[in-house]
Amino acid sequence: MVSITGEPPGTAAARRGGRTRSADWPAAVPLLAFTALAFGIPAVALLLGAFTVRDPQTRASAFSTANLSESLQGNYLNTLVSSVQLSAVVALLGAACGAFLAQAVVASRFRALRESVLTASGVLANFGGVPLAFTWVATLGNSGVVTQALGLDSHGWSLYTFWGLVLVYLYFSIPLMVLVMVPAMDGLKAQWREAASNSGATAWQYWRHVGVPVLAPALLGGTVLLFGGAFAAYATARAMVGSTVPLVTLQIADALTGDVLIGHENIALALSLDMIIVAGLVMAVYLPLQRRSSRWLR
């Protein structure tokens with residue numbers, strides 16, 4: 001069958017769709033321009049600076065990988081490793097606690113509880129920086145209300161340690177994991193549990209062979225997301241622990257303020273490039289997992 005214009009059915013619609021798609025792309029130009037200005041120019045400047053070394057005597061600049069080599073040695077390497085360790089601990093603990101809390105919310109029969117938990121999670125997941133540090137210092141610091149009331153300082157408690165920082169980071173990591181896992185857990189159909197029960201499967205067998213495999217992309221993706229959030233955090237750690245806990249973000253800030261030797265001014269850019277590489281590896285894992293788990297959000 002052909003149309004009155006002599007074209008096969010759908011040809012005109014396809015042509016109109018093609019024109020529509022080709023006519024829509026200019027609308028993305030402002031976004032692309034903003035992205036190029038906000039991310040492209042700083043990225044190019046960072047790359048150029050990371051591979052530029054300035055001679056302290058002649059002040060001449062030369063292309064070299066010395067900055068990157070130095071950023072992976074000594075105290076700089078310790079800060080990078082410490083940041084990775086902190087982020088890994090926060091990601092694993094936050095993922096486990098957040099997943100169990102999300103399951104409790106999904107299984108609850110009280111709609112008000114679900115809405116209140118999700119609302120609180122949305123707020124707490126974005127609560128960070130200096131206000132978060134001040135809240136914890138006032139509560140569990142050396143002179144904090146809870147510390148003095150329970151005499152925690154006499155038992156060796158200190159908030160200004162590696163594990164104290166882990167506790168603070170979990171404050172916004174667990175709510176973020178709840179927000180990631182609740183939509184995925186909503187995708188677990190009741191029929192699957194009923195079918196497993198009718199087949200004689202226990203609750204453990206259901207989660208082992210059905211629930212966990214289905215939720216695996218969301219679980220792993222959420223864990224990677226928590227890792228990235230903890231790895232990039234700066235203001236909370238700066239305000240709370242200072243230089244007590246070695247972190248690469250704090251080291252970069254010190255290098256940018258001039259706390260380096262002459263001729264090593266670009267070490268901060270090299271450390272930033274190290275962070276970008278780690279973050280890129282994290283996102284390379286997260287994005288495929290996020291695409292796989294997105295089908296449960298439909």
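In which helix is phenylalanine 34 found? Phenylalanine 34 belongs to helix H2 (residues 29-50), where helices are DSSP runs of H or I with at least four residues, numbered from the N terminus. The model is predicted, so that local features need pLDDT of at least 70 and side-chain atom pairs count only at pLDDT 80 or more, while totals for chains, interfaces and linings use all residues. Residues are numbered from 1 along each chain as its sequence is written, and side-chain values use heavy atoms, without hydrogens and water.

Phenylalanine 34 counts as exposed because its relative accessibility is 52%, exposed being over 50% relative accessible area (1.4 Å probe, protein chains only).

A volume is the space filled by probe spheres set on the points, which are joined across faces, edges and corners.

The largest pocket has a volume of about 270 Å³. Of its 13 lining residues, Ala99, Phe100, Met185, Val212 and Leu219 are the closest to its centre. Helix H10 gives the most to this lining, with six residues.

The second largest pocket holds about 190 Å³ of space. Helix H4 provides the largest share of its lining, three residues.

One cavity of 30 Å³ or more is present, and the largest cavity contains about 40 Å³. H4 also gives the most to the lining of this cavity, with three residues.

Notes. On a 1 Å grid over the protein atoms alone, a cavity is a set of points where a 1.4 Å probe fits but cannot get out, and a pocket is an open set with protein on both sides within 12 Å along at least five of seven lines; lining residues have an atom within 4 Å of a point. Helices (H or I, at least four residues) and strands (E, at least two) are DSSP runs, numbered from the N terminus. Buried means under 20% relative accessible area, exposed over 50%, partly exposed in between (1.4 Å probe, protein chains only).
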